[in-house]
Amino acid sequence: MPNVLAWPLTEVGEALYLIHAPGGYPFYLVDKEQPSTDPVQKVCLGVSDLHRSTQYWATLLGMKVMEKNELKKTILLGFTDTQCKLELHDVGGTVDRATAFGRIAFSCPREQLPELEALIKKESQKILTPLVSLDTPGKATVEVVILADPDGHEICFVGDEAFRELSATDPKGNDLLDKAMAEDKSDEWFAKHNRQKATA
């Protein structure tokens, strides 16, 4: 597997590698032909109570239960068969994030956002950010509502239509990135720390 940034990779199986993000989170990389579906196959969240979390994600948010593994104390959920799945793993106690943070995001039709917010309020669940419009000058305005599951995992639901417009590839993107990187003086920082700067 090519390792352009020279991050420490540990081979843990055939064509399976483990890498740790700067915050310590483990990521498993599979070095084989990309699937025709989403290349990110699943995201795993540690939960303190598998039954309670399954009720939240499946019953309240509408994800389908794809697979259960009593031995591993996991449940695999998804909105569709072709998208990235969410695996809940019972950690047998309180979820301790220490100083780490993160957010899972899902896009859905914009008209579903007010309904989702109303349902979460009705069920007395936590809303971190009520439905809000986020302006991006010269680009699409996206609407989001941000929730928290029973273990405090942040979940962002974003209006799909504006999200797709906002995340479209900018034909000038590489040139703009190269210009910004040239102006950010990072070459000096990398030289001072005797490290090689990655290229876009």
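Mentor: Start with exposure. Buried means under 20% relative accessible area, exposed means over 50%, and partly exposed lies in between (1.4 Å probe, protein chains only). Note that this is a predicted model: local features need pLDDT of at least 70, side-chain atom pairs count only at pLDDT 80 or more, and totals for chains, interfaces and linings use all residues. Residues are numbered from 1 along each chain as its sequence is written, and side-chain values use heavy atoms, with hydrogens and water left out.

Trainee: Why is phenylalanine 27 called partly exposed?

Mentor: Its relative accessibility is 46%. Helices (H or I, at least four residues) and strands (E, at least two) are DSSP runs, numbered from the N terminus.

Trainee: What makes the nonpolar surface patch of about 270 Å²?

Mentor: Tyr25, Phe27 and Leu29 make it. A patch takes residues with over 30% relative accessible area and no salt bridge; like charges are joined within 9 Å, nonpolar side chains (Val, Leu, Ile, Met, Phe, Trp, Tyr) within 5 Å. The areas come from the Shrake-Rupley method with a 1.4 Å probe; for residues, only the protein chains shown count as cover.

Trainee: What is a nonpolar core?

Mentor: It is a set of buried Ala, Val, Leu, Ile, Met, Phe, Trp, Tyr and Cys residues joined through side-chain atoms within 4.5 Å. The largest one here has 23 residues. Tyr56, Trp57, Leu61, Leu88, Leu147, Ile155 and Phe157 have the most contacts inside it. Elements that give two or more residues to this core include strand S4 (42-47), helix H1 (50-60) and strand S10 (142-148). H1 supplies the largest share, 5 residues.

Trainee: How do you know that this core lies between domain 2 and domain 3?

Mentor: Domain 2 (42-96) and domain 3 (98-169) both give residues to it, so it lies between them. The bounds come from an automatic or database domain assignment. That assignment also gives domain 1 (1-31). The C-alpha centres of domain 1 and domain 3 lie 30 Å apart.

Trainee: Which residues does leucine 147 touch?

Mentor: Among them are Tyr56, Leu61, Leu116, Ile155 and Phe157, not counting residues up to four places away in sequence. Contact means heavy atoms within 4.5 Å. A second, separate core has 7 residues, including Val142, Ile146, Val158 and Ala162.

Trainee: What makes aspartate 151 and arginine 52 a salt bridge?

Mentor: The rule asks for a side-chain nitrogen of Lys or Arg within 4 Å of a carboxyl oxygen of Asp or Glu. Here the N to O distance is 3.5 Å. Aspartate 151 sits in the loop between S10 and S11, arginine 52 in helix H1, 99 residues apart. Aspartate 151 counts as buried at 13% relative accessibility. Arginine 52, at 36%, is partly exposed.

Trainee: Why is the pair of glutamate 143 and arginine 110 said to tie parts together?

Mentor: Their side chains meet in a salt bridge at 2.6 Å, N to O. Glutamate 143 lies in strand S10 and arginine 110 in the loop between S8 and H2, so the pair ties together parts 33 residues apart in sequence. Glutamate 143 is buried, at 18%. Arginine 110 is partly exposed, at 32%.

Trainee: Is aspartate 81 buried or exposed?

Mentor: Exposed, at 55% relative accessibility. The side chain of aspartate 81 meets that of lysine 64 in a salt bridge, 3.7 Å from N to O. Lysine 64 is partly exposed, at 40%. By this rule the count comes to 8 salt bridges.

Trainee: Why is serine 53 called buried?

Mentor: Its relative accessibility is 0%, so it counts as buried. Serine 53 lies in helix H1. It touches Val47, Leu88 and Asp151, not counting residues up to four places away in sequence.

Trainee: How many of the residues in the chain are buried, as a percentage?

Mentor: Buried residues make up 27% of the 200 residues. The chain has 5 helices and 11 strands.
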